[in-house]
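Subject: Structure handover

Hello,

Here is the structure you were waiting for. My notes on what turned up in it follow below.

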Amino acid sequence: MNTVIRESLNAWWPEAWLSLGGLLAMVLGVWGGKAGAADGRGARAAAAVLWLALLAAAVALWRTPEATSSSLFFGLIVCDPVSLPFRWLALGAVAVTMLLIAASKELASAPRGEAYGLLGLIGVGLMLMAEASHLLMAYVALELVSLASYVLVGFLEERRSAEASLKYLLYGATASGVMLFGMSLLFGLTSSLSFSDILLSVDGMHQPMAGAVMLAVLLMLVGLAFKISMVPFHQWTPDAYEGAPVAVAAFLSVGPKAAGLALLLRVMGALEPVWPTIAPVVLGLTIVTMTLGNLVALVQTNVKRLLAYSTIGQVGYLLIGFVVHTDLGIEAMMLYLIAYFFMNFGAFACVVAVVNDSGSEALEAFRGLGRRSPVLALLCTLFLMSLAGIPPLLGFFGKFLLFGSAIAADHTALALAGILNSAIALYYYVNLVRLMYFVEPQRAGVLQPPWMLRVTLGVCGAMTLGLGLFPNALLQALRAIVSANLL
Amino acid sequence: MSPLPLQGLVVLSHAVFCLGLYGMLTRRNAIGMLLAVELILNAAAMNFVVFGRLFSHVQGQAFALFIIALAACEAVVGLAIIIKLTRVAKTVYADDVNVLRG
């Protein structure tokens, strides 16, 4: 037993470091932030601890022994090659969000130390979601992410922030409860909890048991669909984002989406025999998800709501890679997730800069940004164009691969829907660019973002453009990962 | 041990689950909604215990313990959020929670 734990820990140092850092940051944040100091010692100590933990986790992840497919911790998690990009994305999302939180003026009087602590723990949850190979682990990881997210959404001392977190909590708790009930039914039907045993037991199942498994799977999908805001479980997204601090909204639109898709891949991998039956449902919902997200985004006037609906649309594109159900599709999905990470965090970093300056989240706040801060406006345009899928940016390349994988798998309708949606989406992205360059500014003066934002914008911009021009290395790495193991 | 009345127990857990969902959809008081969620979680926990006993599988019971702990966490977070809402908005009724449009 001891050897199992020792061997498991060997592959699990990144998560261990991050949990330690998160817990310690939490304690420091509560302990040192009592005096109500805006940016007191507690918050700074918490940030320092979490940065160190992130660094240690990154080093550990980099040096991680040849990723194995064997299961760890008695079959609870599996650190296989597929989990690797998702673990990096989780670490990256925590790091970028820390920068955004530190740069946000609206969070200046909030207990930031605790926010860092919660963020570190969510990071652990995201990594666990991506490597869960057991229903218990999947549930615990999902709840870890959810519970801390509810709190982070309500971090502002404002009515709408409290409302947003209450709505998020009520929707989220119901969705995870329904998912849990589905899990319990699946346990009753297969008498096993680990994904590999479930696969064995579902494989030879006949009616009426197979029908009951379908019900269990649909109930489980509710919880996962909620997490990635897939229609019809998307209603919480715009409300939660509008009430949440911008930095938290940025995190929610990237981190949990990536981990949720990873968990979806794992769960559906365990339920492979059921896939042909539910594929039409998921396909239909994918098309509805992207269309609804993009159409409703057209009429938004609040930039956070706009980006929330844009997130729903982007999740629709990402789901294409899942629906086509081929290696190429999974590879395209991973590449687009990486692209989405950089371009969406970049876009949200621009929003943080604008909200810091004007205190307003209306689209009008972007007016004349091209004149007030040319570099910021240029980067913002870059991110928006990448989200819209304009070459030669990484977003274009990702979309190209996604739609290509759909055509290769004979899902022409899916590819067509994606292309049509990209055309619709272009309208609202370009509208924002028009406001920045062709409308007189509302406020005078140069807008100079703080260094944390400049770092974020620089890294995201360089990656969006650089990886878009030279995607080959990334593509080859992902191809090696996907071909190394079939989920 | 006496034989497990499996059918009755599974029907009971489904009934509790449906009651929870019904409560979630009809309650207008945030605390009532939290209680409804609690019913859903306990229905699942009951299933795990029953099936665990049926397969003499200790994992089922262990899962139920985790559900109890996480349900407690959820209640803590939920009540904290509701307290914050009553402080800034003076209401616990979902119909009054309407500053956001969704």
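By class, the residues lining the second largest cavity divide into four nonpolar, four polar and one charged. Please keep in mind that this is a predicted model.

The search of the whole structure found three cavities of 30 Å³ or more. The volume of the largest cavity is about 50 Å³. Around the largest cavity are A:Phe86, A:Leu89, A:Ala90, A:Ala93, A:Leu126, A:Ala130, A:Val254, A:Gly255, A:Ala258, A:Ala259 and A:Phe341. The elements that give two or more residues to this lining are helix H3 (83–103), helix H4 (112–131) and helix H10 (246–270) of chain A. Here the class count is 10 nonpolar, one polar and no charged residues.

Now to the interface between the chains. In chain B, 43 residues are in contact with 43 residues of chain A. The size of an interface is often given as the accessible area lost when the parts come together. Between chain B and chain A the buried area is about 3900 Å², and carbon and sulfur atoms give 75% of it.

Which side chains meet in a salt bridge across this interface? The rule finds one salt bridge between chain B and chain A, and the side chains in it are those of B:Arg87 and A:Glu157, at 3.4 Å from N to O. As for polar contacts between the two chains, the count is five residue pairs, with both residues at pLDDT 80 or more.

On the side of chain B that touches chain A, the elements giving two or more residues are helix H1 (6–26), helix H2 (30–54) and helix H3 (58–89) of chain B. The largest share comes from H3(B), with 17 residues. Sorted by class, this side of chain B has 28 nonpolar, 10 polar and five charged residues.

That is the list as it stands.

Regards

Technical notes
Residues numbered from 1 in each chain as written. Chains lettered and ligands numbered in written order. Predicted model: local features only at pLDDT ≥ 70, side-chain atom pairs only at ≥ 80, totals over all residues. Heavy atoms only, no water. Contact = heavy atoms within 4.5 Å. Buried area = accessible area lost by both parts, 1.4 Å probe. Salt bridge = Lys/Arg side-chain N within 4 Å of Asp/Glu carboxyl O. Polar contact = N/O pair within 3.5 Å; in protein donor to acceptor, adjacent residues only side chain to side chain. Helix = DSSP H or I, 4+ residues; strand = E, 2+ residues; numbered from the N terminus. Nonpolar A, V, L, I, M, F, W, Y, C, P; charged D, E, K, R; others polar. 1 Å grid on protein atoms, 1.4 Å probe; cavity = no way out; pocket = protein on both sides within 12 Å on 5 of 7 lines; lining within 4 Å. Points joined across faces, edges and corners; volume = space filled by probe spheres on them.
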